[in-house]
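Hello,

I am passing a structure on to you. Please look through it before reading my notes.

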Amino acid sequence: MNNIANKVVVITGASSGLGEATALHLAKQGATLVLSARRKDRLDQLVDTIVTNGGQAIAFKADVTVQTEVQALIDTAMNTYGRIDVLVNNAGLMSIAPMSLTKTDEWDRMIDINIKGVLYGIAAALPVFQKQKSGHFINISSVAGIKVFSPGGTVYSGTKFAVKAISEGLRHEVGGDIRTTTICPGAIDSELKFGSSDEQSAETVKEFYKMAIPAESVARAIAYAIEQPKDVDINEIVLRPTQQDF
Ligand code: NDP
């Protein structure tokens with residue numbers, strides 16, 4: 001048996017892109033999935049696909065910007081399966097625009113989803129992991145969390161730098177029994193590229209994403225981190241399309 005089979009894995013942002021691809025990949029390896037996002041119809045379809053192929057999954061509607069909903073997600077996973085082995089804090093939004101346009105609504109949304117959403121996931125799952133004396137946080141940052149993606153991606157980069165910093169601090173504080181992995185992907189084909197309201201920036205993003213690689217690339221990286229023996233903590237994985245220089 002591999003080291004993924006029978007693990008209970010909670011994934012936020014599972015209704016499309018990286019989250020969906022990760023759910024399908026881990027289900028094939030025998031993981032039990034708790035899949036969350038706001039678009040419940042998409043989650044239900046994904047659960048149907050997984051179950052039809054012999055896997056195990058449930059869907060739970062939650063907005064990661066609402067702490068009580070994230071807590072309810074973790075509670076539901078615990079009530080259903082009795083433990084959680086992995087939380088993939090994946091839900092995210094990328095709204096690209098020059099700072100001079102001061103799109104403060106989009107700044108707020110990115111901070112709420114990309115940073116506070118991750119923190120709410122940690123707040124809900126950490127007591128569980130500490131009680132179990134085991135657990136694995138997988139937080140999705142970006143290459144934009146290593147280099148500032150500017151002009152346009154400054155605030156998005158700020159949120160992804162924050163994810164990287166929070167992950168590293170978390171690892172340092174709660175390591176021992178609990179593993180923490182930060183994944184920093186480059187351009188991956190998903191719905192993320194449609195998150196910009198500024199037309200010129202949206203066009204630039206569309207061009208840039210012509211080199212994007214499939215979401216399964218990230219799913220395989222996540223599986224690699226999960227499948228390691230429990231005394232091996234893969235702390236960071238950076239992956240890009242071969243063609244990407246940024
Ligand atoms: P998608 O847009 O395809 O997926 C984003 C997911 O997040 C969706 O499932 C969406 O579901 C969910 N989501 C958005 N807002 C909320 C919310 N408020 N509450 C709950 N769920 C929410 O993009 P990706 O799959 O590409 O993005 C996944 C992660 O990967 C993000 O954190 C992104 O920043 C990161 N990333 C992506 C890269 C790429 O090139 N694609 C590169 C580097 C990092 P719903 O709308 O149903 O709620």
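The model is predicted, and local features need pLDDT of at least 70, side-chain atom pairs count only at pLDDT 80 or more, and totals for chains, interfaces and linings use all residues. Residues are numbered from 1 along each chain as its sequence is written, and side-chain values use heavy atoms, with hydrogens and water left out.

Helices (H or I, at least four residues) and strands (E, at least two) are DSSP runs, numbered from the N terminus. Axes are lines fitted to C-alpha atoms, for helices over the stretch in contact, and angles run from 0 to 180 degrees between N-to-C directions.

Helix α4 (residues 104-132) packs with helix α5 (residues 154-174) at an angle of about 15 degrees, and their axes are 9 Å apart. On the α4 side, the residues making the contact (heavy atoms within 4.5 Å) include Trp107, Met110 and Ile111, and on the α5 side they include Val155, Tyr156 and Thr159. By class, this contact has 15 nonpolar, three polar and one charged residues (Ala, Val, Leu, Ile, Met, Phe, Trp, Tyr, Cys and Pro count as nonpolar, Asp, Glu, Lys and Arg as charged, and the others, Gly among them, as polar).

Helix α3 (residues 67-81) also packs with α4: their axes come within 7 Å and cross at roughly 30 degrees. α3 and α4 are therefore roughly parallel to each other. Among the residues in contact are Gln67, Val70 and Ile74 of α3 and Tyr120, Gly121 and Val128 of α4. The contact of α3 with α4 divides into eight nonpolar, four polar and no charged residues.

The ligand has 30 residues around it, of which Ser15, Arg38, Tyr156, Ser190 and Tyr209 come nearest (a residue counts as near if one of its heavy atoms lies within 4 Å). Backbone atoms also face the ligand's oxygen atoms. A backbone N or O atom of Leu18 lies 2.8 Å from one oxygen atom of the ligand, and for Ile188 the distance is likewise 2.8 Å.

Two backbone features remain. Ser150 and Pro151 are joined by a cis peptide bond, with omega about 5 degrees; Pro151 is in the loop between β5 (135-140) and α5. Asn6, in the segment before β1 (8-11), has a positive phi near 75 degrees although the residue is not glycine.

Regards

Key: Polar contact = N/O pair within 3.5 Å; in protein donor to acceptor, adjacent residues only side chain to side chain. Parallel < 35°, antiparallel > 145°, perpendicular 65-115°, else oblique.
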